[in-house]
Amino acid sequence: MAPGLEVQSMFGAKGSSPLNERIISTISRNSLAAHPWHDLEIGAGAPAIFNCVVEIGKGSKVKYELDKKTGMIMVDRILYSSVVYPHNYGFIPRTLCEDNDPMDVLVLMQEPVVSGCFLRAKAIGIMPMIDQGENDNKIIAVCADDPEYRHYNDISELPPHRLAEIKSFFEDYKKNENKTVEVGEFLSAQGARNAIQRSMDLYGQYVVESLRK
């Protein structure tokens with residue numbers, strides 16, 4: 001093959017890749033990337049079973065979180081304390097809480113999962129928490145498609161040591177930042193479902209008010 005012909009066969013007569021052309025053709029000036037908070041449906045089974053976007057994988061010391069403006073997962077910080085997230089951690093789409101963030105959720109399952117993916121979770125309880133004077137409650141859930149965990153229906157069914165580990169993590173993970181976190185006693189699955197429903201209603205009100213502007 002003569003020099004230049006191979007390049008032409010790969011990139012086309014005008015030097016542009018056919019693959020790039022196909023990609024560019026699917027993009028318009030008006031198209032926007034999907035936002036995991038607003039565009040992902042919460043799921044027909046909510047508030048009992050719902051979609052959850054994972055921000056932080058089990059065992060990670062990196063505090064990833066949703067960038068609300070772009071919808072991308074960003075690195076917020078590395079944890080200051082010598083601890084790692086005990087389970088996968090993320091948020092429930094199309095919910096809104098008092099801190100103007102989506103509802104947080106800790107999902108118990110066998111394996112860590114990658115940041116940015118979503119899975120189906122089942123609420124089994126709620127951990128009341130106050131972070132620097134503001135309510136920052138955490139839904140405790142199990143992966144609805146994990147055969148080892150999906151049979152749990154209420155937080156009272158979990159081993160006491162598992163609950164102690166979760167509580168200890170959230171009590172300690174900000175200590176070296178000189179930030180105060182207070183963790184209350186775990187509440188039932190019904191309490192979790194009620195909290196999720198309230199956050200769904202609050203999100204709905206937010207959408208209605210936004211449309212009126």
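**Pockets, cores and strands in a predicted model**

In the second largest pocket, helix H4 provides the largest share of the lining, namely four residues. The structure described here is a predicted model, and the volumes and contacts below are computed from its atoms. H4 spans residues 189–212, and both H4 and S5 supply at least two residues each to the lining of this second largest pocket. The space within this pocket comes to about 290 Å³, and of the 16 residues that line the second largest pocket, Cys97, Glu98, Met103, Asn137 and Ala195 are the closest to its centre. Sorted by class, the lining of the second largest pocket consists of seven nonpolar, three polar and six charged residues.

The largest pocket holds about 500 Å³ of space. Its lining is made up of 22 residues, and those that lie nearest the centre of the largest pocket are Lys63, Glu65, Asp99, Asp101 and Asp136. Two or more residues of this lining come from each of strand S2 (62–66), strand S3 (73–78), S4 and S8, and S2 gives the most, with three residues. When the lining of the largest pocket is divided by class, 15 of its residues are charged, whereas five are nonpolar and two are polar.

Strand S4, which contributes to the lining of the largest pocket, covers residues 88–92 and is mostly covered itself, since five of its five residues are buried. S4 pairs with strand S1 (residues 49–56) in the antiparallel sense over three bridges, and within this pairing Ile56 has Tyr89 of S4 as its bridge partner. S4 is also joined to strand S5 (residues 103–108), again in the antiparallel sense, by five bridges, with Gly90 standing opposite Val105 of S5. Strands of a sheet pair through backbone hydrogen bonds, either parallel or antiparallel.

Another part of the fold is an open sheet of three strands, arranged in the order S8-S7-S10 with antiparallel pairing. Strands S8 (134–135) and S10 (181–183) are at the edges of this sheet and have a single partner strand each, so that one side of each is left without a neighbour in the sheet. S7, made of residues 129–131, runs antiparallel to S10 and is joined to S10 by three bridges; in one of these pairings, Met129 has Val183 of S10 as its bridge partner.

What lies in the nonpolar interior? In soluble globular proteins, nonpolar side chains tend to be buried together. The largest nonpolar core of this model has 23 residues, and Met127, Ile140, Ile166, Phe170 and Tyr173 have the most contacts inside this core. The elements that give two or more residues to this core are S5, strand S6 (118–127), strand S9 (138–143), helix H3 (160–172) and S10, and H3 gives the most, with four residues.

Definitions and conventions
Residues numbered from 1 in each chain as written. Predicted model: local features only at pLDDT ≥ 70, side-chain atom pairs only at ≥ 80, totals over all residues. Heavy atoms only, no water. Pairing = 2+ DSSP bridges. Buried < 20%, exposed > 50% of the residue type's maximum accessible area, 1.4 Å probe, protein only. Core = buried A, V, L, I, M, F, W, Y, C linked by side-chain atoms within 4.5 Å. 1 Å grid on protein atoms, 1.4 Å probe; cavity = no way out; pocket = protein on both sides within 12 Å on 5 of 7 lines; lining within 4 Å. Points joined across faces, edges and corners; volume = space filled by probe spheres on them. Nonpolar A, V, L, I, M, F, W, Y, C, P; charged D, E, K, R; others polar.
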